[in-house]
Amino acid sequence: MRRPSIALATVLAVLGFLLVTAVSTARASKRVEAPRKTQLIKVIQDRRSSVDDLDQAVKELQRQVATAQRRANRRSRDEAAAASRVAQLSLAAGTTAVEGRGVVVRLADSSRQPPNGADTGAYRIHDSDLQLVINALFAAGAEAVAVNGSRIVATTPIRSAGDTIVVNFRPVTPPYSVLAIGANAEQFGTSEIAGRFHRWVSLFGLGFSVHQSSKVSVPAFTGGVAITTAEPAPLPAPAGGAG
Amino acid sequence: MLALLGLLIGAVIAIVVHPTVSQEMSRYVALAVVAAIDSSLGGVRAYLEHTFNDRIFVLAFLSNSAVAIALVWVGDQLNADLTTAIVVVLGVRIFQNVAAIRRRVFGG
């Protein structure tokens, strides 16, 4: 056996040192990793169960959303029906400005000087004349009628106060322009009332003309009626601006 | 005897000092240990074959460990796992050395 040198011993000391170090390091890393692994497993399980919970919550919320959606749909359907009914009613009541094909009738007092001793009333347009014309227009199919911008509704009075004609409690001044949507110009022109006025035109010089118009605008009734709070929603088709 | 004493002293120092090795470095240490075991067994074999030489043994020990560490480092740089290759090669050599020692001792 040769002499084992110091160098050999040193090298082997290094080997022993490395061996122990490597083993202890490997053990330590195993010790560190094991709890981390169980921790991670626990975290994963926790997350999984919370995901399940959230899935459950999502399903529940989706169900609630669907229910609320159905309820909202039903409500908006009801509202739309109510709105369209209000629009129809306001159209019928005359509280909506409307426009359409119709007739324009112009009435004016006579420009002639009545001869002495003659009935001066025959040379002027009276409230009864307006009533006759408006009635005849309704008979000819009028749906919406206005006199000098004053809408004729179910409660509209046409009266006279002295020499002035009062429509909807507001005085109107000659010449009188009667707008009637839906009225048939031919039917009105051949009516007995129109014939009467034509006679008066030639006899007394009253102003009376009938025009068919493809677009007549009749304003809304602005006075107070039984319906005071409800306002019709603006309709896209026949309604102009509410006025 | 002195050699075994050296081994023991190294182990005791490691236990007393208790060096901490980072996660990345532990792989290098492990590889160095495997290389060192191989060298040691080679040394024992040479001793039994009467061809043992101190200088050669120390050089082989240090160079084997250094080459193993260098290869692992190169493998890391190339993102290729050379650790397995080194372990396999060194493992085969360890078995060969052990077999040679056995034949020497038991005359197999």
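My entries below go from confidence to the contact, and then to single residues.

**Ground rules.** I am working with a predicted model, in which local features need pLDDT of at least 70 and side-chain atom pairs count only at pLDDT 80 or more, while totals for chains, interfaces and linings use all residues. Residues are numbered from 1 along each chain as its sequence is written, and chains are lettered from A and ligands numbered from 1 in the order in which they are written.

**Confidence.** I looked up the overall scores and found ipTM 0.73 and pTM 0.46. Next came pLDDT, the predictor's confidence in each residue, from 0 to 100. The average for chain B is 85, and 98% of its residues score at least 70. Within chain B, α4(B) has the highest confidence with a mean of 90, and α1(B) the lowest with 82.

**Names of elements.** My helices (H or I, at least four residues) and strands (E, at least two) are DSSP runs, numbered from the N terminus.

**The contact.** I counted two residues as in contact if their C-beta atoms, placed from the backbone, lie within 7 Å. The contact takes 22 residues from chain A and 27 residues from chain B. On the chain B side, α1 (2–17), α2 (23–48) and α3 each supply at least two residues. The most comes from α1(B), with 12 residues. By class, that side of chain B has 21 nonpolar, five polar and one charged residues. Here Ala, Val, Leu, Ile, Met, Phe, Trp, Tyr, Cys and Pro count as nonpolar, Asp, Glu, Lys and Arg as charged, and the others, Gly among them, as polar.

**Two asparagines.** A:N168 sits in the loop between β5 (164–167) and β6 of chain A, and is partly exposed, with 18 other C-beta atoms within 10 Å. My cut-offs: buried is 20 or more other C-beta atoms within 10 Å, exposed is 12 or fewer, partly exposed is in between, with C-beta atoms placed from the backbone. B:N79 also has a positive phi, near 60°. I located B:N79 in the loop between α3 (54–78) and α4 (83–106) of chain B, where it is exposed, with 6 other C-beta atoms within 10 Å.

**A cis bond.** The peptide bond from A:P174 to A:P175 is cis, with omega near 0°. A:P175 belongs to the loop between β6 (170–172) and β7 (176–181) of chain A.
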